[in-house]
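Here's a quick briefing for anyone meeting this structure for the first time. Have a look at the sequence and the model, then read on.

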Amino acid sequence: MQNTQQKPNFEFIALMASLMSIVALAIDTLLPAIPAIGETIHSTDPKANQMFVTMIFLGLGVGQLFFGPLSDQYGRKPMVYAGFVVFGIASLICLFAPNLEVMVIGRILQGIGLSSHRTIAISIIRDSYKGDYMARVMSFITAFFILVPVVAPALGKFILDHFNWQTIFYVHLFLGLLLWIWFWKRQQETLKPEYKIKFSPKSFVSGTKEMLRHPETVTYTFVSGLITGAFLVYLSSAQHIFEDQYGLREAFPYIFAGLAISIGTSTFTNGTMVMRFGMRNLSLAATVLFSLIALSYVLLFWSTPNPNVYVLTVFLFLQFFCLGFMWGNFRSIAMEPIGHIAGIGAAINGFVSTLISVPIATLIGSFLEDLALPLFVGLTCCGFGATVLILLSRRKRLVFLSRY
């Protein structure tokens with residue numbers, strides 16, 4: 001199995017985090033501009049405008065099916081370059097979109113292009129690290145990555161206040177070009193020639209069969225989909241909740257930033273604790289707590305109007321603090337047994353989890369009108385569903401280990 005287990009340096013962590021962060025930048029800087037974009041393209045329904053966010057995730061899921069396997073044949077770096085090209089073309093489509101339909105097509109294509117960044121970053125990390133050490137590296141990378149959601153909405157609002165929403169897309173293109181140059185100059189190819197796998201339907205089918213041989217990989221792929229779906233509801237509806245339901249248009253970027261800080265703090269903490277407690281124990285404890293916090297909100301505010309905004313943000317802060325102990329660990333556990341097919345494995349893992357998360361977000365988001373309660377109902381259902389799957393997986397793993 002390909003694995004160098006070298007000690008990570010700051011630049012490597014920052015570069016991998018930047019590859020992932022361009023995805024968050026393309027999503028979060030646009031949140032304050034959703035009403036303005038909707039007005040320009042004659043789409044005033046907040047539920048329909050949630051597609052500006054959810055559809056980019058659809059593209060992220062679909063694109064991984066191509067970029068992941070192709071990176072196993074041609075190498076990691078060429079696929080990142082190809083993703084940049086697709087992202088650039090898609091951004092131009094969004095810039096000149098005359099209506100909602102064309103804008104949605106542009107956002108899907110943006111997601112397809114950006115899927116190369118996320119998938120290849122994970123493949124590069126898996127080429128170099130494994131086990132709890134990989135989880136530690138992922139945690140530090142995710143902690144850097146979380147800085148983008150902290151500043152992105154405020155950046156989007158600043159651009160919107162001084163220029164127009166189209167400028168946001170030009171900023172995406174400029175920053176993407178800088179990242180492309182950095183990656184080209186500083187990142188070495190991590191896929192060794194002897195580990196290259198020719199892309200074909202047969203290799204894809206064999207990769208899928210290989211993944212199915214590992215119950216933990218399957219389980220944590222589904223778990224990632226459930227939790228990502230729950231978070232995607234918040235991401236796509238946060239602007240509607242805080243600006244429309246609470247009337248906090250000016251404060252929204254700062255509230256969003258504060259909640260992102262909670263994820264970053266816990267993700268960094270996970271990186272310092274995972275070597276001691278293990279990624280499986282930390283992720284299970286966080287998932288249980290995540291579910292109980294959501295359930296508490298549902299029980300307290302089932303038949304009442306929205307609570308005070310401070311109460312809402314405290315609940316969300318606690319929920320998102322748990323996420324920092326979940327996302328990186330879930331992906332690391334899923335990828336641990338399949339390092340020899342990291343490209344195809346990351347692609348299938350990302351595609352399946354997205355295939356689960358987007359319908360969940362769309363369904364729950366359709367109930368978000370005058371109350372934030374449906375968001376927490378969704379968080380509760382997804383959280384407890386993930387907990388059940390993890391417990392079943394741990395039980396099977398313990399039985400397997402006891403036999404051998």
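Asp-127 is tucked away: its relative accessible area is 2%, so it counts as buried. Keep in mind that this is a predicted model.

**Salt bridges**

- In total, the structure holds eight salt bridges.
- One of them joins Asp-127 to Arg-76, with the closest N and O atoms 2.9 Å apart. Asp-127 sits in helix H6 and Arg-76 in helix H5 (residues 76-95), so this pair ties together parts 51 residues apart in sequence.
- Arg-76 is buried too, because its relative accessibility is 1%, and the cut-off for buried is under 20%.
- Asp-72 joins in as well: Asp-72, Arg-76 and Asp-127 are linked in a network of salt bridges.
- Arg-280 and Glu-216 also meet through their side chains, in a salt bridge of 2.8 Å from N to O. That pair links distant parts of the chain, with Arg-280 in helix H13 (residues 279-300) and Glu-216 in helix H11 (residues 215-245), 64 residues apart.
- Are Arg-280 and Glu-216 buried or exposed? Arg-280 counts as buried at 15% relative accessibility, and Glu-216 is buried with a relative accessible area of 12%.
- Glu-11 and Arg-186 form another salt bridge, at 2.9 Å from N to O. Here the partners are 175 residues apart, Glu-11 being in helix H1 (residues 10-28) and Arg-186 in helix H9.
- Glu-11 counts as partly exposed at 28% relative accessibility, whereas Arg-186 is exposed, at 52% relative accessible area.

**Helices**

- Helix H6 (residues 100-128) packs with helix H9 (residues 165-186) at an angle of about 25°, and their axes are 14 Å apart.
- H6 and H9 are therefore roughly parallel to each other, since angles under 35 degrees count that way.
- As for handedness, H6 passes H9 in a left-handed crossing.
- Helix H15 (residues 327-335) is mostly covered, with eight of its nine residues buried. Among them are Phe-330, Arg-331, Ile-333 and Met-335.

**Out on the surface**

- Val-314, Phe-317, Leu-318 and Phe-321 make up a nonpolar surface patch, and together they have about 320 Å² of accessible area.
- Phe-317, one of that group, belongs to helix H14 (residues 309-323). Phe-317 counts as partly exposed, because its relative accessibility is 36%.

Definitions and conventions. Residues numbered from 1 in each chain as written. Predicted model: local features only at pLDDT ≥ 70, side-chain atom pairs only at ≥ 80, totals over all residues. Heavy atoms only, no water. Patch = residues over 30% accessible without salt bridge, like charges linked within 9 Å, V, L, I, M, F, W, Y side chains within 5 Å. Areas by Shrake-Rupley, 256 points an atom, 1.4 Å probe, with all protein chains shown as cover. Salt bridge = Lys/Arg side-chain N within 4 Å of Asp/Glu carboxyl O. Helix = DSSP H or I, 4+ residues; strand = E, 2+ residues; numbered from the N terminus. Buried < 20%, exposed > 50% of the residue type's maximum accessible area, 1.4 Å probe, protein only. Axes fitted to C-alpha atoms, helices over the stretch in contact; angles between N-to-C directions. Parallel < 35°, antiparallel > 145°, perpendicular 65-115°, else oblique. Left-handed = near helix turned anticlockwise from the far one by under 90°.
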